[in-house]
Amino acid sequence: MRFKTFTGLLLLTTTTQLFAAAEQSLNDYRSLGAGPFDAQTGRRLWLSSNRPDTGGNERSCSDCHGQNLELPGKHIRTGKVIEPMKPAVNPQRLSDREKIEKWFLRNCKWTFGRECTAQEKGDLLLFIQQPNG
């Protein structure tokens with residue numbers, strides 16, 4: 001019984017740590033006046049087609065990352081495999097605040113042709129984290 005309790009505590013602690021970075025990011029966005037955040041709005045952003053001002057074809061987050069965030073994606077330009085976005089499947093996702101911001105900066109500029117707002121980041125984070133996203 002002790003082993004089960006220990007294993008359960010370890011799993012809970014690990015899960016809590018994984019979501020801590022995303023929660024801290026959400027709090028940062030709230031401090032900038034964003035919120036409340038909405039996973040459905042994040043889903044719409046994820047699926048929306050955009051033509052960046054920099055030119056090129058229309059693109060969406062789902063073009064590279066897919067619509068099922070539990071599966072790997074593939075970058076449409078480089079062909080590079082992208083590990084699943086869902087933290088429940090890929091524990092490295094959303095586990096580091098600096099990486100969250102780095103990838104938002106890079107991917108928002110590439111997909112939308114601009115940086116995402118704090119509101120958009122929060123909505124997208126909720127969408128990525130939701131159980132059935």
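Axes are lines fitted to C-alpha atoms, for helices over the stretch in contact, and angles run from 0 to 180 degrees between N-to-C directions. Keep that in mind for the helix exercises below.

The model is predicted: local features need pLDDT of at least 70, side-chain atom pairs count only at pLDDT 80 or more, and totals for chains, interfaces and linings use all residues. Residues are numbered from 1 along each chain as its sequence is written, and side-chain values use heavy atoms, with hydrogens and water left out.

**Exercise 1. The layout of the chain**

Task: find how many helices and strands the protein chain has, and in what order its elements run.

Solution: 
- Step 1. Helices (H or I, at least four residues) and strands (E, at least two) are DSSP runs, numbered from the N terminus.
- Step 2. Counting them gives five helices and two strands.
- Step 3. Starting at the N terminus, the order is α-α-α-β-β-α-α.
- Step 4. Turn to burial, where buried means under 20% relative accessible area, exposed over 50%, and partly exposed in between (1.4 Å probe, protein chains only). Of the 133 residues of the protein chain, 36% are buried.
- Step 5. Contact means heavy atoms within 4.5 Å. Among the contacts with a separation of 6 or more, 56% come from residues 24 or more positions apart.

**Exercise 2. Helix α2 against helix α5**

Task: describe how the axes of α2 and α5 cross, and list the residues that make the contact.

Solution: 
- Step 1. Two packed helices are described by the angle between their axes and the distance between the axes.
- Step 2. For helix α2 (residues 39–47) and α5, the axes come within 7 Å and cross at roughly 95°.
- Step 3. Angles under 35 degrees count as roughly parallel, over 145 as roughly antiparallel, 65 to 115 as roughly perpendicular and the rest as oblique. α2 and α5 are therefore roughly perpendicular to each other.
- Step 4. On the α2 side, the contact is made by A39, T41, G42, R43, L45 and W46, and on the α5 side by E120, D123, L124, L126, F127 and I128.
- Step 5. Sort these residues by type: Ala, Val, Leu, Ile, Met, Phe, Trp, Tyr, Cys and Pro count as nonpolar, Asp, Glu, Lys and Arg as charged, and the others, Gly among them, as polar. The contact of α2 with α5 then has seven nonpolar, two polar and three charged residues.

**Exercise 3. Helix α4 against helix α5**

Solution: 
- Step 1. I100, E101 and F104 of α4 meet K121, L124 and L125 of α5.
- Step 2. By type, the residues of this contact are four nonpolar, no polar and two charged.

**Exercise 4. Two buried residues**

Task: are L125 and S25 buried or exposed, and what do they touch?

Solution: 
- Step 1. L125 belongs to helix α5 and is buried, its relative accessible area being 0%.
- Step 2. Leaving aside neighbours within four places in sequence, L125 is in contact with A22, S25, L26, Y29, L94, I100 and F104.
- Step 3. L125 and F37 are 88 residues apart in sequence, yet their C-alpha atoms are 8.8 Å apart in space.
- Step 4. S25 sits in helix α1 and is buried too, with a relative accessible area of 1%.
- Step 5. Not counting residues up to four places away in sequence, S25 touches R97, I100, E101 and L125.

**Exercise 5. Salt bridges**

Task: how many salt bridges does a search of the whole structure find, and which residues form some of them?

Solution: 
- Step 1. A salt bridge is a side-chain nitrogen of Lys or Arg within 4 Å of a carboxyl oxygen of Asp or Glu.
- Step 2. The search finds four.
- Step 3. One of them joins D28 and R97, with N to O at 2.5 Å. This pair links distant parts of the chain, as D28 is in helix α1 (residues 2–31) and R97 in helix α4 (residues 97–112), 69 residues apart.
- Step 4. Another pairs E120 with R114, the closest N and O atoms being 2.7 Å apart. Here E120 is buried at 12% relative accessible area, whereas R114 is partly exposed at 36%.
- Step 5. E23 and R30 also meet in a salt bridge, at 3.4 Å from N to O.
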